Amino acid sequence: SVGGTGGIKYTHEEISPKRHMLVVTAAPGVGETEGSIRQRIHQFSIRFSAKTCPQKYEFVDDPNFVQPLAGGFMRRTQTYVFDCT
């Protein structure tokens, strides 16, 4: 059970005309679990990528499998690289 969700901040960098890097940071909400934080970050990355690449996109590197949540007091960060195809 989640008591409330925290905010999300992001930075976006266009690496090349088709490649993008998105860094998403989430502040945990009251009583929010690590799994919920991870899910919110991932869902944000999907929505952002779909808006950036209206035709189709593909994640080059899925941090949910290869990158641990970054340490830090009350903050979690994931980095996504995706291509517009």
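Select His 20 to begin: leaving out residues up to four places away in sequence, it touches His 12, Glu 13, Glu 14, Ile 15, Thr 52, Tyr 80, Val 81, Phe 82 and Cys 84, where contact means heavy atoms within 4.5 Å. The model is a predicted one, in which local features need pLDDT of at least 70 and side-chain atom pairs count only at pLDDT 80 or more, while totals for chains, interfaces and linings use all residues. Residues are numbered from 1 along each chain as its sequence is written, and side-chain values use heavy atoms, with hydrogens and water left out.

His 20 belongs to strand β2. Helices (H or I, at least four residues) and strands (E, at least two) are DSSP runs, numbered from the N terminus. With a relative accessibility of 5%, His 20 counts as buried; the classes are buried under 20% relative accessible area, exposed over 50% and partly exposed in between, using a 1.4 Å probe and protein chains only.

**The whole chain**

Zoom out and colour by secondary structure. The protein has two helices and four strands, arranged along the sequence in the pattern β-β-α-β-α-β. Of its 85 residues, 33% are buried. Among contacts with a separation of 6 or more, 57% are between residues 24 or more positions apart.

**The nonpolar core**

Next, select Leu 22, Val 24, Ala 26, Ile 37, Ile 41, Phe 44, Phe 48, Cys 53, Phe 59, Tyr 80, Phe 82 and Cys 84, the 12 residues of the largest nonpolar core. Such a core is a set of buried Ala, Val, Leu, Ile, Met, Phe, Trp, Tyr and Cys residues joined through side-chain atoms within 4.5 Å. Two or more core residues come from each of β2, α1 and β4, and α1 gives the largest share, four residues. In soluble globular proteins, nonpolar side chains tend to be buried together.

Within this set, centre on Phe 82, which is buried at a relative accessible area of 0%. Setting aside neighbours within four places in sequence, Phe 82 is in contact with Lys 18, Arg 19, His 20, Leu 22, Phe 48, Ser 49, Thr 52, Cys 53, Tyr 57, Glu 58, Phe 59 and Val 60.

**The aromatic rings**

Display the rings next. The structure holds seven aromatic pairs. Rings of Phe, Tyr and Trp (its six-membered ring) pair if their centres lie within 6.5 Å; planes under 30 degrees apart count as stacked, over 60 as edge-to-face and the rest as tilted. One of the pairs is Tyr 10 with Phe 44, which is tilted, at 5.1 Å centre to centre and 45 degrees between the planes. Tyr 10 lies in strand β1 (residues 8-14) and Phe 44 in helix α1, so this pair ties together parts 34 residues apart in sequence. Tyr 10 is partly exposed at 43% relative accessibility, whereas Phe 44 is buried at 15%.

Move to Tyr 57 and Phe 82, an edge-to-face pair with 6.4 Å centre to centre and 75 degrees between the planes. Because Tyr 57 lies in strand β3 (residues 57-61) and Phe 82 in strand β4, the pair ties together parts 25 residues apart in sequence. Tyr 57 is partly exposed, with 23% relative accessibility.

**The salt bridges**

Finally, show the charged side chains. There are three salt bridges, each a side-chain nitrogen of Lys or Arg within 4 Å of a carboxyl oxygen of Asp or Glu.

- Asp 83 and Arg 19 meet at 2.7 Å, N to O. The pair links strand β4 (residues 76-84) to strand β2 (residues 19-26), 64 residues apart. Asp 83 is buried at 18%, and Arg 19 is partly exposed at 31%.
- Arg 76 and Glu 34 have their closest N and O atoms 2.7 Å apart. Arg 76 lies in strand β4 and Glu 34 in helix α1 (residues 34-52), 42 residues apart. Arg 76 is buried at 15%, and Glu 34 is partly exposed at 34%.
- Glu 32 and Arg 40 have their closest N and O atoms 2.8 Å apart. Glu 32 is buried at 10%, as is Arg 40 at 15%.
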